[in-house]
Amino acid sequence: KDEFGSDRVYPIKADLSLEKDIDQLVNKVVEHWGRIDILTINLGGPPPGQPTEFSDEDWAKAFKLSIYSAVRLTRNVLQQMNVLQETLDRAMQHHSAGELPKAEVIYQKMLQANPNHPDALHLLGVIFHQKGENDTAVDLITKALAIKPDFPEAHNNLGNVLKKTGQIDAAVASYHKAIALNPDYAEAHNNLGFVFSELGRQ
């Protein structure tokens, strides 16, 4: 907790042999983190002993815990991942095409379902920046970074917003953070270079 921060681990109590608990587990994770990127399954096995010592009921319980729960959990997580990604992809297509109102509606709907979705927060912040509402843009992108600190694109775009509002030192810091996370991030390097170039001309 001290090293990684209290928000880096989100414990949830659940019985993975129960389908309703699996549903609740996945929903709580999505509500808290906004999305699921990876699933690792490590389940406890049945009590130790000789195969001949176990009844059919014992075998059924072990199979239910070790196999069925893993299948159910994987299926549920994949469904959530696919739905979220498809929705995000559709919004980003509108955004890239300059259809900001359509993209904004989808980002807002995503955040109604999952208020902590870092991509939706970040990209909605970009839209507000494009609309000239930079205070709201800063709030949204900052919230995205609080949820996902290792987000170079968000650091870069926060730098753009801060630069626009005249907060040059803060903008430079944001660009540096983006580059530290992704040293090959050409756009962040360019933005940082533009800032230094403009400062040199002043």
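**Fold and surface of the predicted model**

Of the contacts in the protein with a separation of 6 or more, 50% join residues 24 or more positions apart, a contact being heavy atoms within 4.5 Å. The model is predicted, so local features need pLDDT of at least 70 and side-chain atom pairs count only at pLDDT 80 or more, whereas totals for chains, interfaces and linings use all residues. Residues are numbered from 1 along each chain as its sequence is written, and side-chain values use heavy atoms, with hydrogens and water left out.

The secondary structure consists of eight helices and zero strands, in the order α-α-α-α-α-α-α-α along the sequence. Helices (H or I, at least four residues) and strands (E, at least two) are DSSP runs, numbered from the N terminus. Along the principal axes, the C-alpha atoms fill a box of roughly 85 × 40 × 25 Å.

Buried residues make up 36% of the 202 residues, where buried means under 20% relative accessible area, exposed over 50% and partly exposed in between (1.4 Å probe, protein chains only). Glu 104, in helix H3 (residues 100-113), is buried, with a relative accessible area of 17%. Not counting residues up to four places away in sequence, Glu 104 touches Leu 124, Ile 127, Phe 128 and Lys 131.
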